[in-house]
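Some terms in structural work rest on cut-offs.

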Amino acid sequence: MSTLQPVRGTHDLMFDDIRRHRLVQSKFAAIAARYGYSEIATPIFEATEVFARTLGDTTDIVTKEMYTFETKGGESVTLRPEGTAGVARAFISEGLSQQVPLKFFYNGPMFRHERPQKGRQRQFHQIGAELLGVPTPQGDVEVIALADHILHELGLKGKITLEMNSLGDLDSRLAYRQVLIDYLSGYRDKLSADSRERLDKNPLRVLDSKDEADKEIVRNAPQFPDYLNQASCDFFKGVQDGLTALGIAFKLSPALVRGIDYYSHTAFEFTTDALGAQGTVLAGGRYDGLIQEMGGPPTAGIGWAAGVERLAMLLGDLPPLARPVAVIPVGEAEAAVAQKLVHRLRHNGFNVDIGYGGNMGKRMKRANKVNAVVALIIGEDEVKNSAVTLRLLDSGEQSSVSMAELEARLDLYR
Ligand code: ATP
Ligand code: MG
């Protein structure tokens, strides 16, 4: 690998790519604010423990995907692979437990060492939301409604399906776990090596295996919903009724389990057919045990994260960029006047372009290239009369405008 290439799985974001990212992030920030979520930016690296302990030591993320290194001080730190653990850590270390319910949203880079492919990078970006301290189905309904809202706002309605499952409470999970162990043990020899290990440490994880042979075995496995106790069923019904009341359609997916250990009750994903194998654009669930597991007070939580790269790939045309005003000095003699005018207009709120050299023809070409709406041409006569020649670039129509009235005229073409 040449050191002059970006590291495998990382990308430079520029031009339309970064505009797509910013569009996703800014629309999300605006919608999240309507729901009362405030922004949080946790560090992009944390003590390794923050992730290793919470995500679970049999998850793909912890076993294979983390960027972990030792600092000069000898501490083990990890580039964050996801956002929830950092938010939970902040909740505890900032002592926020008296302030629940709390609503946070975030956006930023995440890092996972996995095989790069379309829709799968080693540095990627997520937007996400977390609702802390709301143990009732109302909370699930709100965060899912927020997810649904941002996807609609991005014009993805119709391209995306909401899939849901319930992982139940602890009792239900223990009951199902045993049934699953009994079933999978019959296929132990046919499971992948990873799944054999999962079977011993955390059998639920086998349901989420990407291995084809594992998937075949999982297809006939007993299903979670059949082992939910009454309380878990009631909870899930509350979530479903709430979504139905809001007109948010969903599909039940009994095999949906999330890739991370700390989930309970509701698990959900928004998926699309439009991205090939990387079809999950947004995923989340309830994690009532997480904060306590990390050493904080028992605190309910529910949240989700969406991949910005995957969302960006689904966006249609970008809105057009604001068209600048181009200032064009005819000759060297007018350059200084032009420069001053550019400065004045920029300070008065206009988006102004000026070529850095060349004759009038070359500068005109540049004005067209930057899609300027008007050109302000400054020649000898214009300087003498304290005016400019204003040319509308779409029609070619020209008129003389005095310097004093210039801003008022330009306001017409914003
Ligand atoms: P997958 O099954 O695709 O590996 P995941 O279950 O690991 O996804 P989550 O941890 O739930 O993903 O992350 C939420 C979202 O973040 C995903 O739905 C996806 O849109 C995005 N995402 C996750 N990993 C990557 C990656 N390596 N590159 C780009 N986007 C990603
Ligand atoms: Mg993954």
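Q: What makes the pairing of Arg120 with Glu114 a salt bridge?
A: In this predicted model, the closest N and O atoms of Arg120 and Glu114 are 2.9 Å apart. The cut-off is 4 Å between a side-chain nitrogen of Lys or Arg and a carboxyl oxygen of Asp or Glu. The Arg120–Glu114 distance of 2.9 Å meets that, so the pair is called a salt bridge.

Q: Why is Arg120 called buried?
A: Its relative accessibility is 18%. Buried means under 20%, so Arg120 counts as buried.

Q: How do you know whether Glu114 is buried or exposed?
A: Glu114 has a relative accessible area of 14%. The limit for buried is under 20%, so Glu114 is buried.

Q: Why do Arg286 and Asp140 count as a salt bridge?
A: Their side chains meet at 2.6 Å, N to O. A salt bridge needs the two atoms within 4 Å, so the label applies to Arg286 and Asp140.

Q: What does the pair of Arg286 and Asp140 tie together?
A: Arg286 lies in strand 10 (residues 280–286). Asp140 lies in helix 5 (residues 137–153). The pair therefore ties together parts that are 146 residues apart in sequence.

Q: How do you know whether Arg286 and Asp140 are buried or exposed?
A: Arg286 has 0% relative accessibility. Asp140 has a relative accessible area of 0%. Buried means under 20%, so Arg286 is buried and Asp140 is buried.

Q: Which residues are linked with Arg286 in a network of salt bridges?
A: Asp140 and Asp288 are linked with Arg286 in that network.

Q: What makes Arg366 and Asp353 a salt bridge?
A: The closest N and O atoms of Arg366 and Asp353 are 2.8 Å apart. The cut-off is 4 Å, so the pair qualifies as a salt bridge. Arg366 is in helix 13 (residues 360–369) and Asp353 is in strand 13 (residues 352–354), 13 residues apart.

Q: Why is Arg366 called partly exposed, and Asp353 buried?
A: Arg366 has 32% relative accessibility. Asp353 has 13%. Buried means under 20%, so Asp353 counts as buried.

Q: What makes the link between the side chains of Thr84 and Glu130 a polar contact?
A: The distance is 2.7 Å. A polar contact needs N or O atoms within 3.5 Å, so the label applies to Thr84 and Glu130. Thr84 is found in helix 4 (residues 84–93), and is buried at a relative accessible area of 6%.

Terms used
Residues numbered from 1 in each chain as written. Chains lettered and ligands numbered in written order. Predicted model: local features only at pLDDT ≥ 70, side-chain atom pairs only at ≥ 80, totals over all residues. Heavy atoms only, no water. Helix = DSSP H or I, 4+ residues; strand = E, 2+ residues; numbered from the N terminus. Buried < 20%, exposed > 50% of the residue type's maximum accessible area, 1.4 Å probe, protein only. Polar contact = N/O pair within 3.5 Å; in protein donor to acceptor, adjacent residues only side chain to side chain.
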